[in-house]
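Student: Can we go through the charged pairs in this protein? Please show me the model.

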Amino acid sequence: MNSRLNMKGIVADTVIFAAILSLSAIPSFAQQKQTPPAGGPPKPFTVPAHERYELPNGMKVTLVPYGNLPKVTLSLVVRTGNLNEPPDMPGLADLTGKLMKEGTTSRSSKQIAEDSANMGGAITITVGVDESDLDTDVLSEFGPQAAALLADVAEHPLFPESELPRLKNDALRQLSIAKSVPQNMALERLRKILYGPHPYGTVFPTQESINKTTVADIKKYYENNFGAARARLYVAGRFDANEMKKAVATAFGGWAKGPAALINTPKVKPQHVLDVTDRPGAAQSVLIVGLPVPDPTSPDAIPLLVTNALLGGSFGSRITSNIREQKGYTYSPRSEISRRYHDAYWAESADVTTQFTGPSLKEIFAEINRLSKEPPGDAELKGIQRYMSGLFVIQNSSRSALVGQLRNVDFQGLGEDYLKTYVQKVNAVTPADVQKQTAEYIKPDEMTIVVVGDKAKISEQLAPFVPGAK
């Protein structure tokens, strides 16, 4: 279930590297350090004017006129995913999504692809833990036809029996590859420890569940989970609003309402354990340490995001500076607040040289403890806030990104003002707030510690981190 994984890397800064090389040719008398100019005030994020309405069958629609390019993005989000799978059939939602692209009752898979291409786009189907979405990005003139095509795929899937064996073989190959990656092993262990039998605790399907899946299982899952009541269509870009509304009503107005969304929010408690998976001969240890934190609806959610960015969630963060820049234990450590529906956990992850497994954990926890006892300086915090503010505005400067933000607000129930006030709230966080957030929520003595590495070489290093050890 690759859709469950949320591991992001850092893009190399080739331009800066080239600039450094060019500077090496300048005579030494010209190479004087200069203080960079002070950053300007953070720019607020302006949410484009948009319209929300609901069809008689319960399907919600959001229209966002945006940009100057003659393109339009359509994203149909359905409130169903891995959360809705039977306990003994993980991966069923993923196979359903893949088979949906293999034709409708009126179009073959080839026709779907050709129709999409003729509009300047393609249809993608992505299955997540809580939601599944059908997306396309086409030339503006084809916006109404794209809505009709999306509706056909969503409402009238054929689920051809002939295509399932191929999709299952692909899924088995992907599973084999994914489960051989140590970072995925560590994530799987962390999720299972935190969430137990709840669906959020299952990262991958099993060979057994994939092999036993039938078209009948897929049709049953679809019938039980797809419908207008769980769906919302986002349209962003350049389009004629009246024409789009008519097209949406025609395409989706006849979709059966279906069941209401399933609400199954886990009750997660910290699990202070050390969990080690042996990989004999591994040159590196993969570390993940984490624990539950307040969900996105909490008043502390944004201050906690700022705290995370300062602690380990940005390239200039404290943990990164410590174990990457100063110690050289790892190349790409990072922390994140991983979120699902009204649920979140904080985690720091790092791939460290085997001989520095124990020292890396020691430094990570030392940085957490330091921040919980001493507030950061004003300059350090302002730098993080400017980074977060600027990144937020830049990241939301495309049609798909804007849809993603509106979608998250709707999914979590954050309210219309969330995006408008985000930058303001980020910059309102004080050094005392950061210290308080760290002390209250990011507690080393409550963390799950997951390590994937060579047990023979790391067991002694890990001894101090066994719960109860002194």
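Predicted model: local features only at pLDDT ≥ 70, side-chain atom pairs only at ≥ 80, totals over all residues.

Student: How many salt bridges does a search of the whole structure find?
Tutor: Side chains of opposite charge can pair when their charged atoms come close. A salt bridge is a side-chain nitrogen of Lys or Arg within 4 Å of a carboxyl oxygen of Asp or Glu. Searching the whole structure gives a total of 23.

Student: Is Glu102 buried or exposed?
Tutor: Glu102 forms a salt bridge with Arg166, with closest N and O atoms 3.2 Å apart. Buried means under 20% relative accessible area, exposed over 50%, and partly exposed in between (1.4 Å probe, protein chains only). Glu102 has 16%, so the residue is buried.

Student: What separates Asp170 and Arg173 in helix α5?
Tutor: Helices (H or I, at least four residues) and strands (E, at least two) are DSSP runs, numbered from the N terminus. Asp170 and Arg173 form a salt bridge, their closest N and O atoms being 2.1 Å apart. They are three residues apart in the helix, so the separation is about one helical turn.

Student: Which residue forms a salt bridge with Arg318?
Tutor: Arg318 is buried, at 10% relative accessible area. The closest N and O atoms are 2.9 Å apart, and the partner is Glu380.

Key: Residues numbered from 1 in each chain as written. Heavy atoms only, no water.
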